[in-house]
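These are my notebook entries on one structure.

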Amino acid sequence: MGLMLHFFLTVVFVFFSISSLSFVNSASPTSFSVGFYDQSCPAVEKIIHDELVKKMSPIAHNITIPGILRLFFHDCNVQNNCFVLCVHGCDGSILILPTDDNNSERNATINLSLAQDAFDLVNKAKEALEEECPGVVSCADILAILARDVVNWWKGPNWEVEKGRKDGLISNAAEAELLMPKSNEKIHTLIRRFESVGLSTADLVTLSGAHTVGVTQCKEFATRVFYNDTTLNSTTRSKVMDECNFPQMEGIAALDQQTPFLFNNSYYKRLRERKGLLLSDHVLAFGENEFSRDLVDRYAADQKLFVEFAKAMVKMGRVGVKTGSDGETRRDCTKFN
């Protein structure tokens, strides 16, 4: 009986494991492709880009661009606590407003600092598309296209966005806390998190390059400052102590203190100099994983290699994609149909 039970559980585990992997890459070429809206809404990318251009101002420029990128990351990296991994992924669930009946992802502690300006831009793009192509373009696709466009805006690499995502039917704050990398995590934990949704160590290091722009809350690296962490460059520590009103450690600081408004490989150079504010960034360059350390060195030495960011974004954009009846196309990105 014990042997039969063991065999049954093994079969069940393999079945669910295969199903989970299929779910992560669930979209077929016909239902998920670069040209998905060529017939139904051919101007989709222009309409979205026009809304980005309208939004840009000296202030919005520095908030919206990293805000959209972070919004896309937080949308794609969500799972729920299934028997075996179930990925919600890139399905626009981050955009749902909480209600009395549903404590949505936006209420998760890790998401409370997401820029409202970024949410507003997605909503503006959705409103424009509803006038041109009502009920056609998903909120998940709008966010994916904007993530590419804001990287282009700051002279980063370009890529063609695969489209055809459906908007998810679940948005839960507790689930949003499960997978998102934390700012104080070690390299092995970060690698396991990424591997759980089909992303590699190379993807981890490459996608972390998004920290070449934007800011972080001072509380996210406060312990490194309080305890005079010797792995943090002393000049950088003194600088952020002033910026963060030490010892209160309030406010924000640029993740890349050198060129915070350029999408380049400066982030990796700063990591090599021990100037990465977040421990989760520092361990990419000085943690126990040799491959991660070597890749940081390569990116720091050659800006041209950082075009790999585009490939990693395409790969992340496939995580947990829903098509057909697995999701919906919302008319309003902030609530389910």
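**Entry 1: disulfides**

I began with the link of cysteine 41 and cysteine 133, which is right-handed, with 75 degrees about the S-S bond. Cysteine 41 lies in the loop between α1 (2–24) and α2 (44–55) and cysteine 133 in the loop between α4 (116–132) and α5 (139–153), so this pair ties together parts 92 residues apart in sequence. The S to S distance of cysteine 41 and cysteine 133 is 2.1 Å; I counted as a disulfide a pair of cysteine sulfur atoms within 2.5 Å. Both cysteine 41 and cysteine 133 are buried, where buried means under 20% relative accessible area, exposed over 50%, and partly exposed in between (1.4 Å probe, protein chains only).

The model is predicted: local features need pLDDT of at least 70, side-chain atom pairs count only at pLDDT 80 or more, and totals for chains, interfaces and linings use all residues. Residues are numbered from 1 along each chain as its sequence is written, and side-chain values use heavy atoms, with hydrogens and water left out.

How many disulfides does a search of the whole structure find? The search finds four.

I next looked up cysteine 76 and cysteine 90, whose sulfur atoms are 2.0 Å apart in a disulfide. Cysteine 76 lies in helix α3 (residues 58–76) and cysteine 90 in the loop between β2 (86–87) and α4, so the pair ties together parts that are 14 residues apart in sequence. The torsion about their S-S bond is about 120 degrees, so the disulfide is right-handed. Cysteine 76 is buried at a relative accessible area of 0%, and cysteine 90 is buried at 1%.

I then turned to cysteine 139 and cysteine 333, joined by a disulfide with S to S 2.1 Å. Cysteine 139 lies in helix α5 and cysteine 333 in the segment after α14 (308–316), so parts 194 residues apart in sequence are tied together. Here the torsion about the S-S bond is about -100 degrees, so the link is left-handed. Cysteine 139 has a relative accessible area of 0% and is buried; cysteine 333 is buried at 1%.

I located histidine 74 in helix α3. Is histidine 74 buried or exposed? Histidine 74 counts as buried, at 5% relative accessibility. Leaving aside neighbours within four places in sequence, its contacts (heavy atoms within 4.5 Å) are Ile94, Glu105, Ile110, Asn111, Leu114 and Met180. Its C-alpha atom is separated by 8.9 Å from that of glycine 89, 15 residues apart along the chain.

Asparagine 111 lies in the loop between β2 and α4 and is buried, with a relative accessible area of 3%. Not counting residues up to four places away in sequence, asparagine 111 touches His74, Ile94, Glu105, Arg106 and Ala176.

**Entry 2: helix α7**

In helix α7 (residues 187–195), I noted Ile187, Leu190, Ile191, Arg193 and Phe194 as buried. Seen down the axis of α7, the buried residues fall within an arc of 160 degrees, so they line one face of the helix; the arc is that of the directions from the helix axis to the C-beta atoms.

**Entry 3: salt bridges**

I found that the structure holds 20 salt bridges, each a side-chain nitrogen of Lys or Arg within 4 Å of a carboxyl oxygen of Asp or Glu. In the pair of glutamate 45 and lysine 163, the closest N and O atoms are 2.8 Å apart. This pair links distant parts of the chain, with glutamate 45 in helix α2 and lysine 163 in the loop between α5 and α6 (173–179), 118 residues apart. Glutamate 45 is partly exposed at 27% relative accessible area, whereas lysine 163 counts as buried at 3%.

Arginine 270 forms a salt bridge with glutamate 273, the closest N and O atoms being 3.0 Å apart. I also noted that salt bridges that share partners join Glu45, Arg148, Asp149 and Lys163 into one network.

**Entry 4: overall**

I counted 14 helices and four strands in the protein. Of its 337 residues, 52% count as buried.

Note on methods
Helix = DSSP H or I, 4+ residues; strand = E, 2+ residues; numbered from the N terminus.
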